[in-house]
Amino acid sequence: MLKQYLKQAIQIIQENRLVSCISVLGTAISIMMVMIVVLVMQIQLVNFYPEDKRDRMLYLDGGGTHVVGNNHQRESNGNMSVETAKACFYSLETPETVSLYCSEDFAFSLPARMMFDAYPVKEVDSNFWKVFSFRFIEGNSFSEADFDAGLKQVVLSETLARRFFGSTAVVGQEILLNRVAYRICGVVKDVSKAASTAYAMAWVPYTSIPAVMRQEADYENIRGLLSAVILAKDASDFESIREEFLAKVNQYNTTKRDYQVDFNRNPVTRWEKLRGSSGQSYVEWKDYWLETGALLLFLIIMPALNLLGVTQSSIQKRQAEIGVRKAFGATNRDIIGQVLCENGVTTLLGGFVGLVLSLVALPICKDFLLESSNTSLSLSMLVRPSAFIVALLFSLILNLLSAGIPAWRISRKEIVEALKNHEETNK
Amino acid sequence: MLRHIFKIIYNQRKLNIFIFLELLLASCLLWAISDSLLVDVYTQRQPMGVDVESVYSFHLSVADEAMSSDSLNYRKTAEDFLQLVENVRQCPEVEAASISVSAVPYTWTTSWSCLLAADDTTTSPDLCQVFYVMPEYFQVLHIQTPEGRPVYEEAVRNPGEFIISQTLAEKLFPGVSAVGREAKYGNFGGDASIPRKIISVTKPRRRTDFERAEPVYYVLWRNDKEFLDLCENNSFLPTAFDFLVRMRPNFQPSAMADFLQKNSARLSSDNIYVSSYTPLNKYKTDMLKGRMDNQKKKTALVVFMLVNIFFGIIGTFWLRTQSRRAEIGLRAALGASKQSLQLQLYLEGLVLLALTLPLTLIFIGNMLLADLPDTYRLDYTWWRFVFPVIGSYVLLSAMILVGISFPARKIARMNPAETLHYE
């Protein structure tokens with residue numbers, strides 16, 4: 001049966017090449033647009049180097065630390081001090097690891113030659129290397145003891161090492177960060193900007209930066225420069241981590257006289273980040289889907305209307321044939337099934353072309369589709385089974401939308417009428 | 001003729017309804033997108049009030065030893081800072097250099113405060129952006145008075161503390177000149193009891209290319225002593241300040257790295273030094289990225305819609321000419337020329353589009369009633385109504401004509417005898 005439908009579908013495609021071409025292309029473009037939207041979401045969600053445990057992570061991004069004066073004379077959104085980090089984050093016991101970090105641009109130079117171009121640097125703790133899975137080309141990360149001692153050591157990205165030394169075999173060499181000498185302890189494979197928490201071109205212990213360690217008396221030592229990322233043992237621990245975290249925050253606040261810290265709704269999960277939430281401006285699922293859903297719906301409806309016109313007229317041409325089939329005992333369900341199957345061949349073909357097109361178009365248009373320009377993309381971000389399933393799903397929806405109504409209509413037609421009305425009636 | 005076409009369209013309503021709905025959806029969305037793009041482009045073309053071309057932000061660092069020590073002398077580091085700025089001004093490539101706070105264009109670091117006319121006791125003031133600057137700041141960013149004179153000269157010539165933007169001047173002193181009048185801080189920002197003099201008024205200043213000019217004002221440090229006192233009293237490090245440098249017009253951005261290297265000795269003063277730099281153009285690109293991306297995404301959607309319309313029209317009309325071969329053959333046999341047959345097809349498409357117009361207008365009316373179009377940046381005047389509507393319909397018509405031209409060409413090749421053969 002299915003074989004028969006397939007044969008017929010291929011026959012129909014060949015019969016009217018222009019219209020078939022248009023149907024396939026229309027579907028392909030629609031699925032391409034849908035898949036681009038989906039892939040952009042996917043990049044924010046899935047695990048890849050070096051953020052390959054994203055499903056177990058909780059985030060407190062920059063600006064998520066909220067400090068309020070007890071009499072509400074002052075409040076501020078910013079980051080936290082080392083003291084606050086120790087009290088509220090390092091003390092957590094439920095998670096596997098907690099890492100604190102901050103970002104800053106530094107000018108890198110060689111001892112012999114002063115340079116002024118700035119590169120993004122992450123100032124991190126030793127747990128950072130456990131939370132993220134960096135691949136070391138040379139050397140190693142700095143140890144916990146080095147971190148505690150505040151040794152001036154730096155891990156370079158491959159690109160930066162090559163830019164300054166022409167090779168990656170640079171462990172033990174010296175490089176200046178803002179005119180301060182650091183010893184290179186390791187070189188890692190480059191990180192894509194899409195992995196925004198791990199991303200930098202060099203990583204140093206934050207204990208080596210006086211500005212990070214400095215306690216500001218203002219805001220009772222709460223305000224500082226650090227952000228946090230938590231790695232849970234399992235995603236199901238998120239709730240218990242949040243509970244323990246809130247308890248720690250409350251406990252810490254009892255030690256303060258004039259100010260209270262809260263972290264708004266932080267830390268947030270990857271899914272919450274995807275929909276644009278940070279703790280300080282929380283986006284509900286409803287609002288996110290209202291916007292994204294409307295866009296996806298539009299991308300599907302537009303071509304569906306197109307294809308409807310085409311399927312409608314091509315089915316009408318075959319009224320007589322369908323009349324005959326019904327006269328020989330085909331049920332309404334058979335007819336609907338046949339039309340959907342035949343149309344399905346076109347949509348699946350279009351869907352496949354669309355998926356391929358989206359994988360080609362996204363890297364080309366990434367500069368305006370992704371949040372930061374010059375984001376490098378890898379296959380592990382794009383080519384995923386989930387992407388295939390989503391593309392298939394949307395193709396089927398499109399098929400149902402574009403052939404459903406004509407199939408239903410034609411199947412309900414009386415046999416006599418269908419047989420009588422020959423080709424020219426298009427009413 | 002038209003009536004006849006209406007009749008044909010009506011008789012084929014079951015087929016036409018889908019393409020009609022598609023055209024309706026497209027015309028409404030196309031209007032919405034072109035309206036928002038129009039507002040964006042209009043706003044983008046307004047003057048900014050500052051000129052960031054060839055201006056660089058120099059980033060300062062304080063030596064680690066000084067940072068780590070408990071007895072950091074804030075007055076001393078501030079003096080070093082002033083010395084450093086003076087060193088930079090001496091470079092022949094440099095046109096001007098200035099110190100300021102929260103005043104770098106296209107960055108997120110901002111200060112907000114209130115300003116009131118000195119004799120005003122009734123108004124509750126709105127927050128507006130405030131820039132704390134040295135007079136050279138106006139030189140660096142080429143800020144002008146509404147008449148086009150450099151504000152810097154007025155700031156140097158006249159004593160006083162405040163310089164306000166035209167937008168704020170019109171709010172505080174409607175209908176009269178603000179220059180020479182006195183103003184005071186609102187509920188916070190500084191001591192409200194001391195009125196201070198307004199030296200000059202600047203052209204309206206906008207925060208980004210996509211925003212309307214909002215009221216802003218500048219507080220001037222009249223001399224080095226004021227600046228040093230500020231640093232000492234508030235424990236401010238030089239890193240808390242902006243250090244903006246304007247290079248001479250013939251200076252190439254690519255020469256910046258060499259310039260800094262050549263002058264690296266001048267770029268430090270005891271415990272503080274210039275560590276890196278950022279061209280303000282980079283801040284601009286970064287800050288506008290979201291809005292520019294949004295424009296590109298909207299354009300992509302428009303292209304998507306147009307391609308769909310093209311496909312929809314070509315498909316529907318192709319099949320239509322096929323199933324109406326007999327009718328077309330008959331018309332040809334009865335003396336209709338090929339041109340008139342083609343014209344009829346084109347007209348059918350355009351009339352179909354025209355039928356969406358009343359519904360689109362109702363849609364626009366509803367959007368306006370719901371106050372959804374952005375009327376804050378651009379008032380809703382007749383031309384703002386006319387251009388997007390005409391633009392959308394012209395684009396759609398073009399797509400329809402191109403789409404129909406394929407089946408129309410087929411008609412031209414038709415042989416009446418052969419088509420009648422189907423009858």
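Colleague: How much area do domain 1 of chain B and domain 2 of chain B bury between them?

Modeller: The two domains bury about 750 Å², 54% of it on carbon and sulfur atoms; buried area is the accessible area (1.4 Å probe) that two parts lose on being put together, summed over both. The model is predicted: local features need pLDDT of at least 70, side-chain atom pairs count only at pLDDT 80 or more, and totals for chains, interfaces and linings use all residues. Residues are numbered from 1 along each chain, chains are lettered from A in the order written, and side-chain values use heavy atoms, without hydrogens and water.

Colleague: What makes up domain 1 and domain 2 of chain B?

Modeller: Domain 1 covers 2-47 + 289-421 and domain 2 covers 64-270, with bounds from an automatic or database domain assignment. The contact (heavy atoms within 4.5 Å) takes 10 residues from domain 1 of chain B and six residues from domain 2 of chain B.

Colleague: How many salt bridges are counted between domain 1 of chain B and domain 2 of chain B?

Modeller: The count is zero; a salt bridge would need a side-chain nitrogen of Lys or Arg within 4 Å of a carboxyl oxygen of Asp or Glu.

Colleague: Why are strand S11 (223-224) and strand S13 (259-262) of chain A called edge strands?

Modeller: Each pairs on one side only, in an open antiparallel sheet of order S11-S3-S2-S13 (chain A). Strands are DSSP runs (E, at least two residues), and two strands pair if DSSP finds at least two bridges between them. Strand S3 (residues 75-80) of chain A and S11(A) have two bridges, so they count as paired.

Technical notes:
Helices (H or I, at least four residues) and strands (E, at least two) are DSSP runs, numbered from the N terminus.
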